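Morning, everyone. I'll walk through the packing in one model. Have a look first, then I'll start with helices.

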Amino acid sequence: MTEYTSVADVKKESGETQLRNVDLNLLTVFDAVMQMQNVTRAAELLGMSQPAVSNAVSRLKVMFNDELFVRFGRGIQPTARAKQLFGPVRQALQLVHNELPGAGFEPGSSERTFNLAISSPLDIRLTDKIIEQVKLHSENIDVNIQSYMNSHIENNLKYQETDFAVSYNRFDKPDYSHHLLFNDQLSLVAARNHPRIQYTVTEKQIFTEQHAVVSLDLIDSFSSPYYENNELLRAIVYQGTNLVSVLNIVSKTELVAIAPKWLIQLYSHVLPIQEVQLPWDKVSRPAFLIWHEACTRDKGHQWMKALLTQFTHHM
């Protein structure tokens, strides 16, 4: 009786044969070169010679049928294909690493760098404390913090280019997780010598005053939930890049703004502003720690998550 081999079986066998011919050590080289954007520094990171890394990069180009890296200044720049590969390769390497015997994370000896994206103005409240807490546990671990969100934040988290995001807006999407860090109490802020407002304000008055806000066009704008799609939108006369700029303008004009209570109190020592209680029932804003579930089994990621949640618990 003749056995017939289907097209699917042929393709499967071909794929398995191709995978067996791949030197998976090349993926480690690819990951290092992507991180360092420099062959010499990648060689130092891997403990290899520069010619060996250059040879590996040449083999990677053949493997993926793409240049992958092009010269840029004194270093190299990844192609679009390399950027596309980086996330999946990192996830695969991390998965293998986590399953190795003895795999773990020792903060005292680790030289890892954690990348965080923190929404404004949460960066003002948290950045110094995060740096302080990390240094209490390790002199060699570094944190790289950017104080803004961009349109690529979801992909950055997915592909582990960013380890955590801290934001007032949680990601209610599959494969993303979040943890409530704390609730920020909110107040209205006005100039200390405002002619119509002195530490109290009515809801009607809030709608008749002119407002300063963080630009509603910005990703993760602090102000957008209070002004978009309601009557207050017409009251906006100034849009700034961040809440510190907003407070500065408020201190010099008759404009008012909604801001976290702690931020108003912090800058009331250097700006002539006053904190005014809002006449609403809901005057708090939750802040979330956000990450992609691909990182869940990463021991270092677990350590950093515990550190961030513990010291913010009583804020």
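Start with α3 and α4: these two helices are roughly perpendicular to each other. Keep in mind that this is a predicted model. Two packed helices are described by the angle between their axes and the distance between the axes. For α3, residues 39-46, and α4, residues 50-64, the axes cross at roughly 110°. They come within 9 Å. An angle from 65 to 115 degrees counts as roughly perpendicular, so this crossing gets that label.

Which residues make the contact? On the α3 side, V39, T40, A43 and L46. On the α4 side, Q50, V53 and S54.

Next pair: α6 and α12. Helix α6 covers residues 122-137, and α12 covers residues 299-311. Their axes come within 11 Å and cross at roughly 125°. That makes α6 oblique to α12. The crossing of α6 and α12 is right-handed. From α6, the contact residues are L126, K129, I130, Q133, V134 and H137. They meet W303, M304, L307, L308 and F311 in α12.

Now the rings. A pair of aromatic rings is described by the distance of the centres and the angle of the planes. How many aromatic pairs does the structure hold? Nine. I'll show two.

One is F30 with F69. Their centres are 6.0 Å apart, with 45° between the planes, and the pair is tilted. F30 sits in helix α2, residues 25-36, while F69 sits in strand β1, residues 69-72, so the pair ties together parts that are 39 residues apart in sequence. Buried or exposed, F30 and F69? Both are buried.

The other is F105 with F114. Here the planes are at 75° and the centres 6.3 Å apart, so the pair is edge-to-face. F105 counts as buried, at 18% relative accessibility. The cut-off is under 20%, so F105 falls inside it. F114 is at 0% and also counts as buried.

Back to F30 and F69 for a moment. Ring pairs link F30, F64 and F69 into a cluster.

Rings also take part in charge contacts. The charged end of R125 sits over the ring of F182, at 4.7 Å from its centre. R285 lies over the face of F222, and there the distance to the ring centre is 4.9 Å.

Last, two single residues. D31 lies in helix α2. What does D31 touch, leaving out residues up to four places away in sequence? F86, R90 and L93. D31 is at 11% relative accessibility, so it counts as buried.

W262 is found in helix α11, residues 261-267. At 14% relative accessibility, W262 counts as buried. With residues up to four places away in sequence left out, W262 touches P121, I124, R125 and D184. R125 is the residue whose charged end sits over F182.

How far apart are W262 and D31? In sequence, 231 residues. In space, 41 Å, C-alpha to C-alpha.

To recap: α3 and α4 are roughly perpendicular, and α6 is oblique to α12. The F30 and F69 pair is tilted, and the F105 and F114 pair is edge-to-face. R125 and R285 each lie over a phenylalanine ring. That's my part; over to you.

How values were computed:
Residues are numbered from 1 along each chain as its sequence is written. This is a predicted model: local features need pLDDT of at least 70, side-chain atom pairs count only at pLDDT 80 or more; totals for chains, interfaces and linings use all residues. Side-chain values use heavy atoms; hydrogens and water are left out. Rings of Phe, Tyr and Trp (its six-membered ring) pair if their centres lie within 6.5 Å; planes under 30 degrees apart count as stacked, over 60 as edge-to-face and the rest as tilted. Helices (H or I, at least four residues) and strands (E, at least two) are DSSP runs, numbered from the N terminus. Buried means under 20% relative accessible area, exposed over 50%, partly exposed in between (1.4 Å probe, protein chains only). A charge sits over a ring if NZ of Lys or CZ of Arg is within 6 Å of the ring centre and within 35 degrees of the ring normal. Axes are lines fitted to C-alpha atoms, for helices over the stretch in contact, and angles run from 0 to 180 degrees between N-to-C directions. Angles under 35 degrees count as roughly parallel, over 145 as roughly antiparallel, 65 to 115 as roughly perpendicular and the rest as oblique. A crossing is left-handed if the near helix is turned anticlockwise from the far one by less than a right angle, and right-handed if clockwise. Contact means heavy atoms within 4.5 Å.
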